[in-house]
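Colleague: Could you take me through this model?
Modeller: Gladly, let us look at it together.

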Amino acid sequence: MAISDQATALVQAGVPIVRLAAGEPDFDTPEVIAEAGRMAIQEGFTRYTPNAGTMELRSAIVHKLQEENGLTYKTDEILVSNGAKQCITQAVLSVCSPGDEVIIPAPYWVSYPEMARLADAKPVVVQTSLTDDFLLTPDALSAVLTEKSRLLILCSPSNPTGSVYSQQMLDAIAKIVAKHPRLLVLSDEIYEHIIYSPAKHTSFAALPGMWERTLTVNGFSKAFAMTGWRLGYLAAPKRFVTACNKVQSQLTSGASSISQKAGVAAMGLGFAGGEAVAKMVEAFQERRDFMVRRLKSLKGVKLSVPQGAFYLFPDFSAYYGSEAQGFGTILDSESLCKFFLEKAHVALVPGDAFGEPRCLRISYAASMESLKTAMDSIEQSLTLINIE
Ligand SMILES: Cc1ncc(COP(=O)(O)O)c(C=O)c1O
């Protein structure tokens, strides 16, 4: 927030800042989806829907999960909410009791630990390393499990690292989960479609014995460029969906009727979002390739090449503790972000927000032109720091 406020102040003062901090696609919502939203308003589809979502949308989600993920659910095992964020919060609130432990591999999406705290549960952060592509190893998981372990949160493709778990790695994790009967898994699959070949998405619930133990969360924000429509969903065994449904009925009721009509149109785009989503993913991949090339050429920077989502999470810690001309000492990820903002006019997010202070998060959900400008300026500004 501090960096964002400073970026806004600079923009207001007329400084052209390239913002690579946002967690949303820079594309417009595909026209067919937007049109379905307009039609919903025109046709007066503007009243409360059932709390769990319209039958039309839940049926479309059931179909999607079967076709694309090999997962079989009934419509009463689906809960549509105002964004995946609400789905995850409700899931954590529903399954965790005070004192339960929520296992969160770091780097993590900033909200997970706070959601655990909201449920009076204890976030147990498990550090992963860049050399393991920031993926949770079975040994690291086994080492933190206790009788209080209630929920493991997995996010693949990941925000902030872009890492993707292979089926083989998930199988190894599932074997450990199977040995701990009280442990559930929340599988956050919101970046599912933004994935680069040869990486492949595997739904955790599809692994042997894991359907019963998994709460799958997905949504429309990222793949369909619908962040402002606020639409996500949970798929899980009925008892969990029923509990989440109760929480939602007192918090917000059903998601927007207009967005749900748009969601049906999104599901109608075809397998994995069809041509409309494929075009966006192609653009993201081109940007990823460009950014990887540029970052790898920077002195002292370490990088795990992301396989999905639209983030890079390079390790800039080689610059910490060094003097930057006209700036002062680069202390940590926050001060390096301030340095890039002031000297390169690029807004990034410090890694400590995601539980990994050695890194910075760069979102490449921006035009190629902006990315080129940003990388040229970053490269230039780094010449002000002597790291030997
Ligand atoms: C990993 C992850 N999960 C969930 C969400 C929430 O998405 P939404 O509430 O927009 O559906 C986000 C958004 O940034 C995210 O990055």
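Colleague: At what angle do helix α1 and helix α11 pack, and how far apart are their axes?
Modeller: This is a predicted model, in which local features need pLDDT of at least 70, side-chain atom pairs count only at pLDDT 80 or more, and totals for chains, interfaces and linings use all residues. Residues are numbered from 1 along each chain as its sequence is written. Helix α1 (residues 2–12) and helix α11 (residues 333–344) pack at about 10 degrees, with their axes 11 Å apart; axes are lines fitted to C-alpha atoms, for helices over the stretch in contact, and angles run from 0 to 180 degrees between N-to-C directions. Helices are DSSP runs (H or I, at least four residues), and strands are E runs of at least two, numbered from the N terminus. That angle makes α1 roughly parallel to α11, a label for angles under 35 degrees.

Colleague: Which residues of α1 and α11 meet?
Modeller: Ile 3, Gln 6, Ala 7 and Leu 10 of α1 meet Cys 337, Lys 338 and Leu 341 of α11, where contact requires C-beta atoms, placed from the backbone, within 7 Å.

Colleague: Switching topic, what are the bounds of domain 1 and domain 2?
Modeller: Domain 1 covers 2–23 + 275–382 and domain 2 covers 31–273, with bounds from an automatic or database domain assignment. Their C-alpha centres lie 27 Å apart.

Technical notes
Angles under 35 degrees count as roughly parallel, over 145 as roughly antiparallel, 65 to 115 as roughly perpendicular and the rest as oblique. Two residues are in contact if their C-beta atoms, placed from the backbone, lie within 7 Å.
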